Each structure stands twice: as structure tokens, then as C-alpha cells.
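Keep the picture open beside you as you read.

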Amino acid sequence: MSTRAHDLLALGQSVWLDFIRRGSLVSGEFDRQVRDDGVVGVTSNPTIFQQAIAKSSDYDGALAAGVARGLAAEPLFELLAIEDIQMACDRLRSTWERSDGLDGRVSIEVSPRLAHDTAGTLAAAKRLHAAVARPNVMVKIPATSEGLPAIASALAAGICINVTLIFSLARYREVMEAYLTGLEQRLAAGGTLGELRSVASFFVSRVDSKVDAAIEQRAAALSEAAQKRELESLRGQAAVANARIAYAAFEEVFGGERFARLSSRGARVQRPLWASTSTKNPAYRDVLYVEELIGPDTVNTMPPQTLAAFNDHGVAEVRIRRDLDRARALFRRLPELGVPIDALIGQLEDEGVKAFAKSYDELLEAIESRRREMVAGGGAKA
């Protein structure tokens, strides 16, 4: 069965599912999505696990087993998450083999509590990589200033990394620098590069949510009608423009001499991964952040509803290089109209880290509450 998502693969873009849940893995639904819907990878994050574990009964048996072992809170969560990641890795092992390691990848994220702890992040990445013990696992590390050296060191140690929570163009360049540095460190230590894969998760929809709100606020304060109309006409454009400029930077860096030297030693490009691609504003096309960002050497990680929508009515054609001059002009014009787009996008990293930390804390609280219920009910030891 061929779908529009399969057409994306032919255009150089991989579809990874931005969702994981025990029930889907056990029931065969995940296998069906891989077989029929064009899914060739999986990403997870604290919010996804919070919704899966805290809001379903899928994990009751595994929770009881973990509680019986004396686990609580974070170790108990990691047990459940690692089991899910291992199952998904095993389901995608043949995809990983057929694609020579390009796809068939499953991502697990270090604790968001470590977002500003370089040493703690690196230690967690090594521990999770060893615990999952699957060749097609990727460890997610956020692109904070403290995360960047951990990313380079983890790559140097031979761990495949999904760099997450990238919003700004300046930070994205730092992420690519960390990737190249990690490869160079690995080579210098006598390691090989061919087995290393990495993606850079560049978040999309949150940019429009942030910038659109600022546009509306600024437009409401303007008295000059022409400027007001111009500003209102720019809503819904910032996210795609940001991603297109990022892709141009990707082509520049990985088309340059520094990467060419690494490529001659077996290195692969660090693919941009478009994350947060469900449309938040119902006024926008529901597959906006899929259709406008299709291009070679990219990944789009979609939640199930966005994947279903694209397979139903999406248009599969390369658009990522379109209107690049217009995208750059937008970044010049918005500040002139009183909307500081770079500063606004810069705020999203901290907001993203805090949002994931909040989901993580809520998840651990829910797990701990259920652990106490099990212990009180006599079903497990304290």
C-alpha cells in the first residue's frame, strides 16, 4: 500500500511518528502504521510519555511489576519508557537495516531537569543508551547552551543524538557546530563515523503561535491603517520562513569544505527534523507544516492526527527552497513594524524546557501517586 507519506520518502523526507504508547505497540496498531502509513521512525518526549502513562491503563501491569521491585518515581518511569523504546526499536529493526541506519530510529529523551547540566546530561545520555541497548536508538538532548557540549561529547562517544528544542537560527548554527565538533573529536580519538547518525529537531508551530500573538498585539496598537493591514497580512508566515532559512543554513554547512573532509571519512549529514508540526491555529491548513517543509535530507515527525491528515489530502512536492528571499525579507520587515521576531523566537527555548519539565514533574507525580495506591492496596511492597 502506497500513501502520500511514502511519496515523501521518495522525495528525500522521512516520516517519523511523534507518538509512543504501550497499547499501540502491543495491539499491532504501531505495526500497521509502519506497514501501511509510511512511518519509518519514532520520537518521544516527556509530554508524550506523560499523556501515555498517566492517562491510560496501558501500563498498570508494568507499573505493578516495577513497584514490586521497589522502584519509585523517576526510576519507575525510566523502566516503563525504556521498555517502550526497546519494543519500538525492535519493531523498526528491519527498517533500520534496509535504510543503512538512516531510518528505523527511536528517540528517548534525557530528563528535562538536566537541561542546564552538561555533565548530568552526558551521563544520562550514556546511561540511557546503554540501558536501551539497541543499535537504532537515538538519545535526545536539548539544544541549550549547556546541552551543546554534551551533544558533542556524546557523539564523540559513538552515541546517535537527536538534538531537540531548536527554535532560533543562531542556536541551530551552534547545533551544527556541536555536531561537527563531535565528529572531529571521535576521529581524533581513533573512532569511526559511518555508524553515527544525528538529527536536529527544529520546532515549527510554536514559532507561529508566538509571533502571531505579537503581531496581533502590535497591530491593535497601530493607528496607521496601511501598516496595520501589512502587519496582519504577515500572520502565519514566521514558522515556515524560519525553517526555510534554517534549511538554507543546513545546505551551506553540509555543502562546505569542513564537512567534506568528514564525509570522506564516512560521516553523514545531520538531517533537519521538523518538530511540532501539528497546526495549532484552526484557521491554517492542517498540513501546513508538512507541505511547506518537504525537501531532501529531512525528517518530519508527525503526531498521528497530522499523519492521517497528510495521507488523506496532503500534497507531496519539494517546497523547502521556495520563497527564501521572501522568508529573509520577513525577518527584516517585522522588526521595522515593531515585532522583534528574533527576540521572540529566542524566548521559545526557555519556554520549551519549562513546558517539558512541567510535563515530566506531573508524570512523576502521577506515577508516585499510583505507586502509593498499589502499596496501600497490598499489591506491592513499599
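We begin with Ser-276, which sits in the loop between β7 (271–275) and α15 (288–291). Names such as these come from DSSP runs numbered from the N terminus, with helices being H or I runs of at least four residues and strands being E runs of at least two. Ser-276 has a positive phi of about 55°, although it is not a glycine. Is Ser-276 buried or exposed? Its relative accessible area is 12%, so Ser-276 is buried. Here, buried means under 20% relative accessible area, exposed means over 50%, and partly exposed is in between, using a 1.4 Å probe and protein chains only.

Before going further, a word on what you are looking at. This is a predicted model, in which local features need pLDDT of at least 70 and side-chain atom pairs count only at pLDDT 80 or more, while totals for chains, interfaces and linings use all residues. Residues are numbered from 1 along each chain as its sequence is written, and side-chain values use heavy atoms, with hydrogens and water left out.

Ala-73 also has a positive phi, near 50°, and is a residue other than glycine. Ala-73 belongs to helix α6 (residues 73–91). With 24% relative accessibility, Ala-73 counts as partly exposed.

Ser-24 is buried, as its relative accessible area is 12%. Leaving aside neighbours within four places in sequence, Ser-24 is in contact (heavy atoms within 4.5 Å) with Phe-19, Glu-29, Phe-30 and Gln-33. Move on to helix α3 (residues 29–36), where the buried residues are Phe-30, Gln-33, Val-34 and Asp-36. Just after α3 comes Gly-38, with a positive phi of about 90°.

Next, let us see how helices pack. Two packed helices are described by the angle between their axes and the distance between the axes. Axes are lines fitted to C-alpha atoms, for helices over the stretch in contact, and angles run from 0 to 180 degrees between N-to-C directions. Helix α4 (residues 46–54) and helix α18 (residues 341–376) pack at about 25°, and their axes are 8 Å apart. The two helices, α4 and α18, are therefore roughly parallel to each other, a label for angles under 35 degrees, with over 145 counting as roughly antiparallel, 65 to 115 as roughly perpendicular and the rest as oblique.

Where does the middle of the protein take us? In soluble globular proteins, nonpolar side chains tend to be buried together. The largest nonpolar core here has 129 residues; such a core is a set of buried Ala, Val, Leu, Ile, Met, Phe, Trp, Tyr and Cys residues joined through side-chain atoms within 4.5 Å. Helix α13 (residues 238–254) gives the most to this core, with 12 residues. Among the residues with the most contacts inside the core is Tyr-172. Not counting residues up to four places away in sequence, Tyr-172 touches Ile-166, Ala-200, Phe-202, Ala-246, Ala-249, Phe-250 and Pro-272.

Finally, look at helix α10 (residues 169–188), which packs with α13 at an angle of about 30°, with axes 10 Å apart. That makes α10 roughly parallel to α13. Tyr-172 returns here, as one of the α10 residues in this contact, and Ala-246, Ala-249 and Phe-250 are among those from α13.
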